[in-house]
Amino acid sequence: KAFYEEIDISRKSSRAYVFVWFLRRMVVVMIGLFMGYSTGQQLILLLYFNTFNLIFMGLVRPYHDVNDNKVQLRIDFMILILTSMLSFFTDHCPDPESRYVLGWVFLGFVFVLVIYCLYNMFRGGVNYVANRLAKAAEKALRSCQNKYKLYAQKKKEQEIMAAGAAAAAAS
């Protein structure tokens, strides 16, 4: 259940998202293990897989919440940009000064991605806590209303009993 917790499992394409998620990570590891000396081919394969994942996410939209789908698309787009920026660090850019500046630009993009992810994680946590508190407040309010109804009903029964006792004493 944990794998499919946020995912709309009513569609087959959404259920395939978890498989694609695992496959993407496995391919990244395999590329690093088996293609250690051919960086150009590594980058090309990573670009292909990240582009495929971005297209897949855009078509499938596997999450229940529209915001979750948008956030995931933005994150995948930033990862695609970062992957394409990796090609600037290869032999195609011979100037070391350019690579140095591009390295700082790359780190800036990584920083933006991390901040964006942390912001969404914090926002999700705050929304979760707010929803839990709202449900607890609603439950407490219902409990108080039920107790008040029982109290009012008992008081009415006592008044009826007292009126009946007064009528019996008067006769």
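## Helix H4 and its buried side

The buried residues of H4 are Gly103, Phe106, Leu113, Tyr116 and Asn120, where buried means under 20% relative accessible area, exposed over 50%, and partly exposed in between (1.4 Å probe, protein chains only). These residues pack against helix H3, which covers 66–85. Helices here are DSSP runs of H or I with at least four residues, numbered from the N terminus.

This is a predicted model, so local features need pLDDT of at least 70 and side-chain atom pairs count only at pLDDT 80 or more, while totals for chains, interfaces and linings use all residues. Residues are numbered from 1 along each chain as its sequence is written, and side-chain values use heavy atoms, with hydrogens and water left out.

As for length, H4 has 75 residues and runs 110 Å from its first C-alpha to its last, close to the 111 Å expected at 1.5 Å a residue. That expected span is 1.5 Å times one less than the number of residues.

## A nonpolar patch on the surface

Tyr100, Val101, Trp104, Val105, Leu107 and Phe109 make up a nonpolar surface patch, with about 600 Å² of accessible area together. For a patch, residues need over 30% relative accessible area and no salt bridge, and nonpolar side chains (Val, Leu, Ile, Met, Phe, Trp, Tyr) are joined within 5 Å. The areas come from Shrake-Rupley with a 1.4 Å probe, and for residues only the protein chains shown count as cover.

Take leucine 107 from that group: this residue sits in helix H4, residues 96–170, and is partly exposed at a relative accessible area of 45%.

## Glutamine 72 in H3

Over in helix H3 we find glutamine 72, which is buried with a relative accessible area of 18%. Skipping neighbours within four places in sequence, glutamine 72 is in contact with Tyr17, Met57 and Tyr63; contact means heavy atoms within 4.5 Å.

## Two salt bridges

Count a salt bridge whenever a side-chain nitrogen of Lys or Arg is within 4 Å of a carboxyl oxygen of Asp or Glu, and you get 2 of them. In one, arginine 24 and aspartate 76 meet at 3.2 Å, N to O. Arginine 24 lies in helix H1 (residues 12–34) and aspartate 76 in helix H3, so this pair ties together parts that are 52 residues apart in sequence. Both arginine 24 and aspartate 76 are buried.

Glutamate 138 also forms a salt bridge, with arginine 142, and the closest N and O atoms are 3.2 Å apart. These two are 4 residues apart in helix H4, so about one helical turn separates them. Glutamate 138 is partly exposed at 46% relative accessibility, and arginine 142 is partly exposed at 43%.

Terms used: Patches are made of residues with over 30% relative accessible area and no salt bridge: like charges are joined within 9 Å, nonpolar side chains (Val, Leu, Ile, Met, Phe, Trp, Tyr) within 5 Å.
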